[in-house]
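I opened the notebook to look up the surroundings of the ligand and the annotated positions beside it. My entries follow in the order in which I checked them.

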Amino acid sequence: TWGHVRGELLKRLGKNNFVTWIEPLRFAELRDGVARFTVPTNFFGNWVERNFSDQIRQQLISAGASVDRLEFTVEAARPAVQANAAATAPEGQPASAAAAAAETPRAARPAHPAADDSELRSAPLDSRFTFDTFVVGKPNELAHAAARRVAEGGPVSFNPLFLYGGVGLGKTHLMHAIAHELQSRRPELRVLYLSAEQFMYRFIQALREKQIMDFKEMFRSVDVLMVDDVQFIAGKDSTQEEFFHTFNALVDQNKQIVISADRAPGEIKDLEERIKSRLQCGLIVDLHPTDYELRLGILQNKAEFYHNQYKGLTLAPGVLEFLAHRITTNVRVLEGALTRLFAFASLVGREITLDLAQDCLADILRASDRKITIEEIQRKVAEHYNIRLSDMIGPKRARNFARPRQIAMYLAKKLTPRSLPEIGRRFGGRDHTTIMHGVRKIEELMSTDSQLAEDLQLLRRLLEA
Ligand code: ADP
Ligand code: MG
């Protein structure tokens with residue numbers, strides 16, 4: 001009888017497996033060599049079939065039943081153990097440990113997966129990544145404001161918060177800052193921060209160790225879930241699947257979710273449409289490439305910190321300005337440059353001067369020397385707006401030429417070290433006030449015209465690539 005078989009299975013599979021996978025099975029009937037069971041969900045059935053059907057069949061046979069195969073069907077009326085688990089196996093495809101594991105590049109697997117990782121632990125937070133150390137400027141003020149709002153831990157006002165931007169622009173810093181702040185303001189909240197990659201590892205591990213229910217339960221019990229670099233799960237089907245259900249379950253419970261990625265949801269390739277549209281439901285804010293003021297602010301902040309650390313070192317005027325001007329893409333590189341500079345100066349016991357900076361940072365400066373030219377900008381912008389280069393530079397005043405022209409002026413100002421008069425010369429000998437007007441116009445429009453802002457970002461990315 002089934003009762004007896006269950007007893008045997010308990011002995012053979014261990015309590016954990018038994019409670020998770022066997023206990024919820026309902027034996028329905030045995031007919032024509034087919035033993036039928038009802039299961040709470042599709043996913044569950046697939047899982048049991050894959051992993052335990054041999055043993056179940058053997059036990060049934062040793063109990064005297066003649067069983068050729070097992071069949072698992074979802075009992076519609078039966079309340080699901082996990083409402084979301086049912087959808088985890090779409091089109092009858094079980095999520096399998098093997099399939100998911102195939103998504104993991106071998107070399108990238110953790111060498112020593114923690115044997116007992118059943119407790120839900122946040123990835124370690126960098127103690128330096130707080131709101132205090134985050135310098136706010138035009139390019140990141142929206143992202144910062146949104147992060148602050150979430151960090152207050154009040155009622156959920158947008159879900160998810162989706163932060164995106166290029167490498168080294170402060171996404172991880174902001175996420176850690178949210179976590180720190182929440183921990184001190186609302187210590188009772190369960191805040192979970194992890195990278196999308198870690199999410200995948202944990203998921204695969206749970207599959208391997210047959211603790212998928214625990215996994216689901218754990219992830220559904222947090223109050224704030226933060227997943228960094230979500231673009232990582234693009235193309236990894238079972239991980240995406242699981243992420244989607246986790247996401248939905250938390251949103252349904254009105255739990256705050258914060259996501260980061262290196263680009264907007266719609267631009268992440270190989271990410272399921274339904275996930276994209278889910279991600280687009282909340283507030284999407286991007287961290288723009290840094291501008292000069294922000295870079296200088298970050299450097300000043302950092303320099304102050306180093307001043308305290310390396311007592312007695314002096315910093316010649318103009319050095320920070322020089323760095324802010326020359327190292328333009330990545331804040332991480334910018335910080336690295338300053339770190340190296342201070343370390344080097346303290347080693348040789350010299351004042352930090354422009355000369356020293358140029359010597360000590362020659363490689364970084366060379367690498368970040370951007371060779372973007374005004375001509376290149378003009379060409380790209382003309383191409384983008386489908387106008388001729390001659391019309392872009394020429395005197396025509398029609399809006400469809402004038403606007404792209406102003407955009408090119410703006411980009412020339414932002415992306416090259418050229419002065420306004422120099423830029424004017426390259427735009428058919430225009431006066432520097434015309435260029436300034438163009439730049440201002442675009443800056444003004446940028447904040448209200450989202451299409452323009454998007455165009456600019458795209459162009460910038462194309463040019464800086
Ligand atoms: P991302 O996750 O976007 O790639 P990070 O958050 O890791 O970038 O930031 C890279 C480095 O730059 C970190 O050391 C971070 O502290 C620093 N950083 C980025 N933006 C700022 C900022 N606005 N103020 C202070 N530090 C910043
Ligand atoms: Mg990051």
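Which residues come nearest to ligand 1? I found that Gly170, Lys171, Thr172, His173 and Val331 come nearest among the 17 residues around ligand 1, where a residue is near if its C-beta atom, placed from the backbone, lies within 6 Å of the molecule. I noted that α5 and α12 (331–348) are the elements giving two or more residues to this shell, helices being DSSP runs of H or I with at least four residues, and strands runs of E with at least two, numbered from the N terminus.

I kept in mind that this is a predicted model, in which local features need pLDDT of at least 70 and side-chain atom pairs count only at pLDDT 80 or more, while totals for chains, interfaces and linings use all residues. Residues are numbered from 1 along each chain as its sequence is written, and chains are lettered from A and ligands numbered from 1 in the order in which they are written.

I then asked where ligand 1 lies: domain 2 (124–287) and domain 3 (292–368) both give residues to its shell, so it lies between them, with the bounds coming from an automatic or database domain assignment.

I looked up Gly170 in the loop between β4 (161–165) and α5 (171–185), and it counts as buried because it has 26 C-beta neighbours inside 10 Å (buried means 20 or more other C-beta atoms within 10 Å of its own, exposed 12 or fewer, partly exposed in between, with C-beta atoms placed from the backbone). Thr172, which is in helix α5, counts as buried with 20 such neighbours.
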